[in-house]
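Subject: Structure handover

Hello,

I am passing this structure on to you. Please have a look at it before reading my notes below.

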Amino acid sequence: MDTGTGGQGHRETHRGAVLANPDLDDPARAAGLEQAASRPPRHRTRPGGHRQVGEKGVATHKKSARRRGAWICFQDESGFSLLPVVRATWAPRGQTPVLTHRFSWKRLSMSGALAYRPDRSEAVFVFGIKEGAYNTASLIEFLTALLDHLDRQKVTLIWDGLPAHRSAAMKEWLATQRHWLRVEPLPGYAPDLNPMEMVWGNVKATELANLCPDTIDEAHTATQAGLERVGSSYQLCFNFLDHTGLSL
């Protein structure tokens, strides 16, 4: 077992076809909120779901956002650890790629939000990375910082049914924020309608692909670089939205 972020510990060998491809299909600073320059982990759900019904529900939320002159924000959480994100890659014929990594479950969590103007004139990506899982308190802190990043303008927030999103404390806090924030749930079994899923998948298939860090700080640095890369591309932020099949 790993003796700590700087310790030696045992290293585990992982054999197999290892893809360093920035695809959109594969999902997965200590705390703080980062704003990118631009202005899946795969959910274990049943296949399918009522996508058409879900799209209609999201369309209703977008019409409401346009009437209010609000940003449309998609939010989600994910995480990363010292365990490598295994992807296929090139290797000489007959030489199977081998990943040697620390067998450690030390993990950091990410929260991100892609915000769009209803007229597609602007896109903003903000994210936070912290130790431990996001809970109601840390999500409230994230949303408060998001408000500041968006200059305290109105927001329609679209997110999934994570328990922390539906907790009594969260509902109580949201009731005090109605002057700027309206929250709408994503349809059940429809993670493909959230462009944030594409953000996580893209970073894990690029900066984190086959990465075998010795410390969680190395994984943190690579992850932050990937998230900043995504946020620096106005076009990429809209490509993720377009990949969902949704329109503003």
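The notes below cover a pocket, a helix contact and an aromatic pair.

Please keep in mind that this is a predicted model.

Largest pocket

The largest pocket holds about 410 Å³ of space. Its lining is made up of 25 residues, and the closest to the pocket centre are Trp159, Asp160, Gly161, Pro185 and Leu186. Three elements each supply at least two residues of this lining: helix H3 (163–166), helix H4 (168–175) and strand S8 (181–185). Strand S8 gives the most, with five residues. Sorted by class, the lining of the largest pocket has 11 nonpolar, eight charged and six polar residues.

Helices H6 and H7

Helix H6 covers residues 216–231 and helix H7 covers residues 234–243. Their axes come within 6 Å and cross at roughly 90°. Angles of 65 to 115 degrees count as roughly perpendicular, so H6 is roughly perpendicular to H7. On the H6 side, the contact is made by Arg229, Val230 and Gly231. On the H7 side, Leu236, Cys237 and Phe240 take part. The residues of this contact divide into four nonpolar, one polar and one charged.

Aromatic pairs

There are four aromatic pairs in the structure. One of them is formed by tyrosine 116 and phenylalanine 238, with 5.2 Å from centre to centre and 55° between the planes, and is tilted. Where do the two residues of this pair sit in the chain? Tyrosine 116 is in strand S5 (residues 107–116), while phenylalanine 238 is in helix H7. The pair links distant parts of the chain, as the two residues are 122 residues apart.

Regards

Notes:
Residues numbered from 1 in each chain as written. Predicted model: local features only at pLDDT ≥ 70, side-chain atom pairs only at ≥ 80, totals over all residues. Heavy atoms only, no water. 1 Å grid on protein atoms, 1.4 Å probe; cavity = no way out; pocket = protein on both sides within 12 Å on 5 of 7 lines; lining within 4 Å. Points joined across faces, edges and corners; volume = space filled by probe spheres on them. Helix = DSSP H or I, 4+ residues; strand = E, 2+ residues; numbered from the N terminus. Nonpolar A, V, L, I, M, F, W, Y, C, P; charged D, E, K, R; others polar. Axes fitted to C-alpha atoms, helices over the stretch in contact; angles between N-to-C directions. Parallel < 35°, antiparallel > 145°, perpendicular 65-115°, else oblique. Contact = heavy atoms within 4.5 Å. Phe/Tyr/Trp six-rings, centres within 6.5 Å; stacked < 30°, edge-to-face > 60°.
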